[in-house]
Amino acid sequence: MANKEKNTDQLIAKIVEGIEDVKGQNIDILDLREIENTVCDYFIICDGTSNTQVGAIVNSIQKTASKALQEKAWHIEGTENQEWVLMDYVNVVVHVFQKHIREFYDIESLWGDAKITSIPSNY
């Protein structure tokens, strides 16, 4: 069990690093482990300013996680229009939004019982 948590923590760190490498904004980590009947342990949510930046964030996450941890997403959807891309790493699900789409769906409020950790950006 401890090994799974260590691997998940490393994956989260690499995903956040991948987001920050291309200046993804408003990074929130939702800890869903205390909520019953969830599909994963964590959501990571961030946004970009355009579909080009959303694509760059997704590519950066894939490259960073694959290179450092040999982790590949089990499933990715939304890459056609790049307004909301979902990356499923089984225990960790990443949502990369354009800002206006994120505000519309407001996933954080849907998971209001989750512990939310916001990552401050340096840019």
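Me: At 24% relative accessibility, is Trp111 buried, exposed or partly exposed?

Reply: This is a predicted model, in which local features need pLDDT of at least 70, side-chain atom pairs count only at pLDDT 80 or more, and totals for chains, interfaces and linings use all residues. Residues are numbered from 1 along each chain as its sequence is written, and side-chain values use heavy atoms, with hydrogens and water left out. Buried means under 20% relative accessible area and exposed over 50%, with partly exposed in between (1.4 Å probe, protein chains only). Because its relative accessibility is 24%, Trp111 counts as partly exposed.

Me: How many aromatic pairs are there?

Reply: Rings of Phe, Tyr and Trp (its six-membered ring) pair if their centres lie within 6.5 Å, and planes under 30 degrees apart count as stacked, over 60 as edge-to-face and the rest as tilted. By this rule, the count of aromatic pairs is four.

Me: Which aromatic pair has 5.5 Å centre to centre and 85° between the planes?

Reply: With these values, the pair is edge-to-face, and its partners are Phe43 and Trp111. Phe43 is buried, at a relative accessible area of 7%.  The answer is therefore the pair of Phe43, at 7%, and Trp111, at 24%.

Me: Which residues form one aromatic cluster?

Reply: Phe104 counts as exposed at 64% relative accessibility, whereas Tyr105 counts as partly exposed at 41%. The one aromatic cluster is formed by Trp84, Phe97, Phe104 and Tyr105.
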